Amino acid sequence: MLATIWIIFIGALEEGLAYAVMALGVYITYKILDFPDLSVDGTFPLGAAITAVLITKGVSPVLTLLISFVIGAFAGMLTGIIHVKFKVRDLLAGIIMMTALYSINLRITGGKADVPIFTKKTIFNNSFLNKMPEVVQPYLISAVLLLIVILMKVLLDLYLKTKSGYLLQAVGDNEMVVTSLAKDKGIIKIIGLAIANAFVALSGGVYAQKSGFFNIYSGTGTMVMGLASVVIGINLFKRVSFLKTTTAVVLGSIIYKICVAIAIRYGLETSDLKLITAVLFFIILVASNDRKRRAKGNA
């Protein structure tokens, strides 16, 4: 029994960490920019497609992630340009980019909906990791994922402490402050969307290497999963003052995947994943709204 629980936990931990970088990207758009960016449903498989195709051509697995990061940033920049320069509403700008990326992703893979990389060298399957002692082999994927998540979280924390990072946060809180500083709020939004989608595309590349394949539908529901992770993490840990918000988002991603794993373990089918996500997201939102109403009532 304990062995089964441990296996489920490790599996959920790996999934949570694999999606944690994506959740950090959604945190930028949803919590900082207050921008409902649906283009993440396209940039997640974009990163996966680029990674899978490049790996099949013998490119270094680490380099594929860097390329995915850069191209994801470019896709996010285009979403920002559509919104800022062409005055398209934020939600519609994301939908336009998400729709376009579906075809672009198929172009990248040569029209293939699936690209397997099971037998290829990846960051999880290489000569260095294969030489590790057998006793640590079951935990290597989690260790590699944790290293990536910590690196990206620290980089985001450092960026948010820069002048550009403060301006990004100001745009979401009060655009007038940014305008009063003689800064172009539109450019800052574009930068924020570029960074967010770079994180999402990187997460897609990591997930493709972890799962061993690219699938054109892998991005479906990414936005909702990211939002669920952000909302769960922020609401559960908002009273824990020593935890950074980015850390709470990472923990939210892990907790979300653990909840999904438990639901599947106790009777629900894997095909019910989207339903589980919707229900969890709904419960968290309702609970958070109730707490806000109580706080206002006691004020």
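Me: Where is H83 found?

Reply: H83 is found in helix α3, which covers residues 61–84. Helices here are DSSP runs of H or I with at least four residues, and strands are runs of E with at least two, numbered from the N terminus. The model is a predicted one, in which local features need pLDDT of at least 70, side-chain atom pairs count only at pLDDT 80 or more, and totals for chains, interfaces and linings use all residues. Residues are numbered from 1 along each chain as its sequence is written, and side-chain values use heavy atoms, with hydrogens and water left out.

Me: Is H83 buried or exposed?

Reply: H83 is buried, with a relative accessible area of 15%. Buried means under 20% relative accessible area, exposed means over 50%, and partly exposed is in between (1.4 Å probe, protein chains only).

Me: And which backbone nitrogen lies 3.4 Å from a polar atom of its side chain?

Reply: That is the backbone nitrogen of D90.

Me: Changing topic: how many salt bridges are there?

Reply: The count comes to three. A salt bridge is a side-chain nitrogen of Lys or Arg within 4 Å of a carboxyl oxygen of Asp or Glu. Side chains of opposite charge can pair when their charged atoms come close.

Me: Which residue forms a salt bridge with K210?

Reply: K210 pairs with E15, and their closest N and O atoms are 2.9 Å apart. Because K210 lies in helix α9 and E15 in helix α1, the pair ties together parts that are 195 residues apart in sequence.

Me: What else does E15 meet in a salt bridge?

Reply: The side chain of E15 also meets that of K257, at 3.9 Å from N to O. This pair links helix α1, where E15 lies, with helix α11, where K257 lies, 242 residues apart. K257 counts as buried, at 6% relative accessibility.

Me: What about K153? Which residue is its partner?

Reply: K153 forms a salt bridge with D157, with the closest N and O atoms 2.4 Å apart. The two are four residues apart in helix α6, so about one helical turn separates them. An α-helix has 3.6 residues a turn, so residues three or four places apart point the same way. K153 counts as buried at 15% relative accessibility, and D157 is buried at 13%.

Me: Why is α9 described as largely enclosed?

Reply: Because 22 of its 27 residues are buried, α9 is largely enclosed by the rest of the structure. Just after α9, G212 takes a positive phi of about 90°.

Me: Where is the kink in α1 centred?

Reply: The kink in helix α1 (residues 2–32) is centred on A20 and is about 40°. The bend at a residue is the angle between axes fitted to the seven residues ending there and the seven starting there. After α1 comes D34, with a positive phi near 55°.

Methods. A polar contact is a pair of N or O atoms within 3.5 Å; within protein, one must be able to donate a hydrogen and the other to accept it, and residues adjacent in sequence count only if both atoms are side-chain atoms.
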